[in-house]
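My entries follow in the order in which I made them.

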Amino acid sequence: MDQQPVRKDFFIYVGSFLLLLLITILIPFIQMVTLVLLPIPVILLMKNYPIKWTIIGMLLLLSFSFFVVPVFSFPLTMLALISGAMIGWSIKQEQHPYETWAKGTAGFVLGLTLIYAYIEVVLQFSIMNAFENTVDDSIQMTEDMFQAIGMAHQDFGVIRQEMMNMLQLLPVILVVVSMGFAILTQWICYKVINKVQEERYHFPPFRSFNLPKVMLWIYFVMLLISFFVEADFSTMPSVIIWNVYHLAGILMALQGLSFIFFFTHTKKQSVALPVISILLIIFFPFMGLYLMRILGIIDLGFELRKRMAK
């Protein structure tokens, strides 16, 4: 590395990123796939090269984004550079895969937040106003349909308010989406590294996923505070409290789902229970996440895994 600081793979990583960026911009309906793949060349740069050459490569990629449809390529490049650098640095430091996942999630959150600010400030396009107009149009169409069948007395004001409240949960939605992007990017990157560089990166079994006990206290504190805060999102403290509460609840649900995998493995049971649990979350998300949350609280609070291990 010191004798030949730049090898052929350096240009392969740069070229791969530029190709993915062009595909993302030019081919419609493929962005959800390429957003996961874009950070991978950056991750490989960060892992395989010293910081100096990684920064040079990232500056090259950022410079290129100013010349090819910059209104789209610049924010996408920033998202890939930030998330890829976070994941790549964690892999370079040989940190635990779940720690790498957390850093990747933080990178995607930061990148997506910058894209949101870019759309609002630079492009002068309000996502919230667009969502509000879409909700109003949908409710108006539904109201017209109800009038046509003689049910004009229905009150849609409450429905509109509930849908508008979803906007206030945008931070927790952003985190959950970032968690999905980060784990897919990391998993694919592990496969690429193992195939090309013949290393052995992998996620530990999901049954080993275990939150620190402090998360349980955070959840209960937020739950307690939520009893005294209106769910109308009328103030900034209420928005923060409800977002933290829902995010902690989702993490508790992950804890509960991992316990089901642990229980099935420890007791040598059929995989039917984990499969049913996943299907329940997919097709009945409110009920499924609620049940998994309760199980996660019990597991973390009473240390069920340690008791079962004995």
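I began with the length of α8: at 1.5 Å a residue its twelve residues should span 16 Å, and because its end C-alpha atoms are 17 Å apart, the two values agree. Here the expected span is 1.5 Å times one less than the number of residues, and helices are DSSP runs of H or I with at least four residues, numbered from the N terminus. I note that this is a predicted model, in which local features need pLDDT of at least 70, side-chain atom pairs count only at pLDDT 80 or more, and totals for chains, interfaces and linings use all residues. Residues are numbered from 1 along each chain as its sequence is written, and side-chain values use heavy atoms, with hydrogens and water left out.

I then asked which residues of α8 are buried, and found Met164, Asn165 and Leu167 (buried is under 20% relative accessible area, exposed over 50%, with a 1.4 Å probe and protein chains only). Seen down the axis of α8, its buried residues fall within an arc of 135°, so they line one face of the helix; the arc is that of the directions from the helix axis to the C-beta atoms. These buried residues pack against α7 and α9, with contact meaning heavy atoms within 4.5 Å. On the face of α8 turned away from the buried side I found the exposed residues Val158 and Glu162.

Next I looked up Thr54, which lies in helix α4 (residues 51–65). Thr54 is buried, with a relative accessible area of 1%, and it touches Leu45, Met46 and Tyr49, not counting residues up to four places away in sequence.

Last came the pockets, each an open set of points on a 1 Å grid over the protein atoms alone, where a 1.4 Å probe fits, with protein on both sides within 12 Å along at least five of seven lines; lining residues have an atom within 4 Å of a point. The largest pocket has a volume of about 1,100 Å³, a volume being the space filled by probe spheres set on the points. Its lining has 31 residues, and Val176, Ile250, Leu254, Ile281 and Leu289 lie nearest the centre. α9 gives the most to this lining, with eight residues.

The second largest pocket holds about 820 Å³, and of its 25 lining residues the closest to the centre are Leu112, Ile115, Tyr116, Ile119 and Ile127. I noted that α9 also supplies the largest share of this lining, six residues.

Notes. Helices (H or I, at least four residues) and strands (E, at least two) are DSSP runs, numbered from the N terminus.
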